[in-house]
Amino acid sequence: MFRRRPPLPPFPPGALLVGGAARDWLRGVAAKDYDWAVPDPRAAALALAATTGGAAFALDDERGYWRVHAPGGVQHDLVPLPGDVQADLWRRDFTVNAIGIDAAGQVLDPTGGGRDLRARRLRMVSPQNLRADPLRAWRAARFEATLGFRLEGATERAVHEVAAELARGALPLPAPERVRDELHALLGHPEAARGLLRLEGLGLLALTVPELREGLGLGQGGFHHLDVFHHGIEALHQLLARQPHAPLPLRWAALLHDVGKPRTHTRDPDTGRQSFHGHDKVGAALTTQILTRLKLPGDDIRHAAALVGAHMVPLPTTEREARRFVHRRREVLPDLLSVMLADREAARGPASSEASRRAYAQAMDRVLAALEAQPSPPPPLLRGEAIMALLGVPPGPRVGQAARALSEAAAVGEVGTPEEARAFVQRWAQAHPPENR
């Protein structure tokens, strides 16, 4: 049922390979992360780094945890070999992770993880182990999606119970960084959309991104055939179907692009028509709050929020408008087009048609052609000093306004030489006289 087992790296002296790497080796899958239990983690890490050409460093001096970053993105974590290996394996999360392999290839499997692997079954070692580290509930949903396994009944009930205890404060919530890392391991997989639905089904999404759940049952009509919540999930699925290697900020933007709709929903009392005016701006603010709470890097937060905030901009209908579109939104391109396309492809309601999707694709092609023709902003035709001399003004906001107007005129092809630029600035100054103070 599993593929041929890949070769294992050389074992450190007296080492036992444990956890996910042991599980994946039994499945015939090459690992990128190796967890070793060794008699002397420091000596083993230094030797492994020397052998592989990697870098070794201490993760936790007090507990004796070491890590080696090896070439090719391979990582080795080394911890002290426990006095009772069997007892240590019994403290793990799931049986498929409670497996050890020694240098001779002998498998240590006290919990029956091998049987569960063959059955593609995800079974907890014990309910107490799940409660000991509630993050393991999130891991259950991730493993279902990324390994293609299925939670067995008792384990699924236990995960539900952990989620309920977390919700009412009977168990402490895991640190946001740990939840983020589990979410990112899930979001990074092609089956991320299915995994998010599983988080919802297990009661964990309410503890993670409750703002998403506000769209449950909120129908949209028009172009849409799904409620707001499921439309966001489907948009992520559509993105990954086209861009399986999309970066995480882009994945977040596709998922959250309509997160502002529930809070902007209104319905006309006379016609019954509903609207979501301003949901893009509200959604950008919510995206910032959500990703800040999960402690993503600032640049990733800003990029995802910018994509959400811009996803409703009209696409151009002419080549000149396409150049203007690129000039104004260069910092979020081409990712913005990816979010917009995922949004459109996730909407198959009565107002959606093959003709409308074809027109949308043509508009995107115009933007891509303009972006390809001018992949970076052209150099300025006039510097600030020249603009100040033309306008007879000192440094200030008016100079910046004129420079931005000139930059856009150059981007759309209205001016192309310094002479044309000077004439443009003079015309602009006449059309935009300074405000009276």
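What follows is a conversation about the terms and the values behind them.

Modeller: This is a predicted model, so local features need pLDDT of at least 70, side-chain atom pairs count only at pLDDT 80 or more, and totals for chains, interfaces and linings use all residues. Residues are numbered from 1 along each chain as its sequence is written, and side-chain values use heavy atoms, with hydrogens and water left out.

Colleague: What makes a stretch a helix or a strand here?

Modeller: Both are DSSP runs, numbered from the N terminus: helices (H or I) have at least four residues and strands (E) at least two.

Colleague: How do you know that the span of H11 agrees with its length?

Modeller: The expected span is 1.5 Å times one less than the number of residues. H11 has 15 residues, 228-242, so it should span 21 Å. Its end C-alpha atoms are 21 Å apart, which agrees.

Colleague: Which residues of H11 are buried, and what covers them?

Modeller: Buried means under 20% relative accessible area, exposed over 50%, and partly exposed in between, with a 1.4 Å probe and protein chains only. In H11 the buried residues include Val228, Phe229, His231, Leu236 and Leu240. Their cover includes H8 (176-187), H9 (192-201), H12 (248-256) and H17 (335-345). Contact here means heavy atoms within 4.5 Å.

Colleague: Why is Gly53 called exposed?

Modeller: Its relative accessible area is 57%, so Gly53 counts as exposed. Gly53 lies in the loop between H2 (41-52) and E3.

Colleague: Why is Val367 called buried?

Modeller: Val367 has 0% relative accessibility, so it counts as buried. The residue belongs to H18, residues 354-373. Leaving out residues up to four places away in sequence, Val367 touches Leu315, Pro316, Ala322, Phe325, Val326, Leu333 and Leu337.

Colleague: What about Arg120 and Lys295: why are they called partly exposed?

Modeller: Arg120 has 33% relative accessibility, so it counts as partly exposed. Lys295 is at 42%, so the label is again partly exposed. Arg120 has a positive phi of about 55° although it is not a glycine. For Lys295, also not a glycine, the positive phi is about 65°. Arg120 sits in the loop between H4 (113-119) and E8 (121-122). Lys295 is in the loop between H14 (279-293) and H15 (298-310).

Colleague: How do you know that Asp227 has no salt bridge?

Modeller: A salt bridge needs a side-chain nitrogen of Lys or Arg within 4 Å of a carboxyl oxygen of Asp or Glu. Lys and Arg count as positive, Asp and Glu as negative; His and the chain ends are not counted. For Asp227, the nearest side chain of opposite charge is Arg213, 10 Å away.

Colleague: What lies 2.8 Å from a polar atom of the side chain of Asp227?

Modeller: The backbone nitrogen of His230 does. A polar contact is a pair of N or O atoms within 3.5 Å; within protein, one must be able to donate a hydrogen and the other to accept it, and residues adjacent in sequence count only if both atoms are side-chain atoms. Not counting residues up to four places away in sequence, Asp227 touches Gly215, Leu216, Gly217, Leu218, Gly219 and Gln220.

Colleague: Now the sheet. What makes two strands a pair?

Modeller: DSSP must find at least two bridges between them. E4 (residues 65-70) and E5 (residues 74-80) have 5 bridges and pair in the antiparallel sense. E2 (residues 33-38) and E5 are joined by 6 bridges and run parallel. His76 in E5 stands opposite Tyr34, and it is also the bridge partner of Val68.

Colleague: What order do the strands of the open sheet take, and why are E3 and E7 at the edges?

Modeller: The 7 strands run E3-E4-E5-E2-E1-E6-E7, with mixed pairing. E3 (55-60) and E7 (107-108) each have a single partner strand, so one side of each is left without a neighbour in the sheet.

Colleague: Why is E5 called largely enclosed?

Modeller: In E5, 5 of the 7 residues are buried, so the rest of the structure largely encloses it.
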